[in-house]
Amino acid sequence: MSLPLDPHEVTRERCKAVPFTQVISQPGCTAVHLRNHLCFGHCSSLYVPGLDPTPLVLCNSCVPTRKRWTPVVLWCRASGPGSRRRRKTSTVLVEGCQCSPKA
């Protein structure tokens, strides 16, 4: 099948990891600010009808390619005055993004 697509247009996908400050908080705890990344960009999609009842469909999304879980410690109020306790949680840090087919 030959498609009337400009090869430059097909490869012009732009997906990148954009830095932002993520705030991790829980009630009664001091918030923690982390430098993280979000995936943002334009990815290709394609729908080609045909004789087959199932058309050719390609729908890419800008998604993380490298990510890792990282522990976060929050300091929270405890029952006694002036006392604090540690509360452990975790979040995903995104390190890289690219266009990838939706699963």
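Mentor: A disulfide is a pair of cysteine sulfur atoms within 2.5 Å. This is a predicted model, in which local features need pLDDT of at least 70 and side-chain atom pairs count only at pLDDT 80 or more, while totals for chains, interfaces and linings use all residues. Residues are numbered from 1 along each chain as its sequence is written, and side-chain values use heavy atoms, with hydrogens and water left out.

Trainee: Which cysteine sulfur is closest to that of Cys59?

Mentor: The sulfur of Cys59 has its closest cysteine sulfur 8.9 Å away, which is too far for a bond. The closest sulfur belongs to Cys43.

Trainee: What is the handedness of the disulfide of Cys43 and Cys99?

Mentor: Cys43 and Cys99 are bonded, with their sulfur atoms 2.2 Å apart. The torsion about their S-S bond is about -80 degrees, so this disulfide is left-handed.

Trainee: Are Cys15 and Cys62 buried or exposed?

Mentor: A disulfide joins Cys15 to Cys62, with an S to S distance of 2.0 Å. As for accessibility, both Cys15 and Cys62 are buried.

Trainee: How are the bonded cysteines of the protein paired in sequence order?

Mentor: A search of the whole structure finds four disulfides, including one that joins Cys29 to Cys76. With the bonded cysteines numbered in sequence order, the pairing is 1-5, 2-6, 3-7, 4-8.

Notes
Buried < 20%, exposed > 50% of the residue type's maximum accessible area, 1.4 Å probe, protein only.
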